[in-house]
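I am opening this entry to look at nonpolar packing and ring pairs. The model comes first, then my notes.

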Amino acid sequence: MTGSETITANQGPLTGIRVIDLTSVIFGPYATQTLGDMGADVIKVEPPEGDIMRTAYPARTPGMSGVYLNCNRNKRGVVLNLRDAAAKDALLELIKTADVFVHSMRPAAIRKLGFDYETVKAAKPDIVYASAWGFRSSGPYADRPAYDDVIQGISGTTDLARRRGGESPDFAPMVMADKVAGLHAVSGITMALFHRERTGEGQQIEIPMFETVTSFNFANTSPAPRSCRRSPRPAMCACSTPTVGRTGRRTASWSSCPTTTSRQKASSRQPAGPTLPRTSAFPRRARGRRMSTSTTASFPNWSRPGRRRSGPNS
């Protein structure tokens, strides 16, 4: 690019909106990347070691994996060690210029860091404050970490493969929970901005992965036809649209083992409890069982080997 050339800004519907992005892995970055695609000025805040996704996948350039680049396009970046008081002051100054603040830390962690809603609101009263975390803040699992694998399991998503003819529960061949929750975050943030445009009021919103994905699955429940004899429970017929019901009853015998970091990989090799049927790995890939024609047509790559995992509150 020559000195006379200029970079044309993305003139989308969110042009003029500034987003402070304190998220990592896929859930939050996917949401803020979409806001950036729509014209928002997204400033990604990273610790000195960087987002874990920089090195979680193959990269042509060290620290710049393809997944990281794809989820963080159309963003500017700043490195701040938020353990330091000066870095916290710098972030507060950025927040004063922003319209949206998005983070993916658990409730206790963000409070300890000093960037809970009340603190941020004091710096910018009309801020749209979005929390992208694993479980709702008022629920019993509020401060537990969340991984895409875990959310797929406890939301009943993994059991859908079995109901469509698979031998056992199976993960969707993508980080489905992260991306579904990320799209809901985009929806929630833009609606909050619309509310602010009308009233001048900012607000706090939260997008919990578990509740979001469970609601997403329940939206297409469908009872089995009376004539179906394939299902032991009429509401869970493999011939009909995949449904979610009695979540956990079927998957209670299986164990989800997400291993994103070296520490998690080491701990996953330790016995986790009673001997599980056939294998402790969750889930076992279907073998020796032919899927129905309709299932194969609907999910041609469902049993493709390999799956991707994501990090905590990704």
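Which residues have the most contacts inside the largest nonpolar core? I find Val19, Val100 and Ile189, in a core of 30 residues. For the record, a nonpolar core here is a set of buried Ala, Val, Leu, Ile, Met, Phe, Trp, Tyr and Cys residues joined through side-chain atoms within 4.5 Å. Buried means under 20% relative accessible area, exposed over 50%, and partly exposed in between, with a 1.4 Å probe and protein chains only.

Two notes on the basis. This is a predicted model, where local features need pLDDT of at least 70 and side-chain atom pairs count only at pLDDT 80 or more, while totals for chains, interfaces and linings use all residues. Residues are numbered from 1 along each chain as its sequence is written, and side-chain values use heavy atoms, without hydrogens or water.

**Core**

I looked up which elements supply the 30-residue core. At least two residues each come from α1 (27-37), β4 (100-103), β5 (128-133), α8 (176-199), β6 (203-208) and α9 (209-218). Helices (H or I, at least four residues) and strands (E, at least two) are DSSP runs, numbered from the N terminus. α8 gives the most, with 9 residues.

I then checked Ile189. Leaving out residues up to four places away in sequence, Ile189 touches Leu35, Val100, Val102, Val128, Ala130 and Ile205. Contact means heavy atoms within 4.5 Å. A second, separate core has 18 residues, including Leu22, Leu80, Phe101 and Tyr129.

**Thr212**

Is Thr212 buried or exposed? Thr212 counts as buried because its relative accessibility is 9%. I place Thr212 in helix α9.

**Rings**

How many aromatic pairs does the structure hold? I count 4. Rings of Phe, Tyr and Trp (its six-membered ring) pair if their centres lie within 6.5 Å; planes under 30 degrees apart are stacked, over 60 edge-to-face, the rest tilted.

Tyr117 and Tyr129 are edge-to-face, at 5.4 Å centre to centre and 65° between the planes. This pair links helix α5 (residues 117-123) to strand β5, with the two residues 12 apart. Tyr117 is buried at 11% relative accessibility, and Tyr129 is buried at 1%.

Why is the pair of Phe135 and Phe210 tilted? Because the planes lie at 50°, with the centres 5.9 Å apart. Phe135 sits in the loop between β5 and α6 (148-154), Phe210 in helix α9, 75 residues apart. Phe135 is buried, at 6%.
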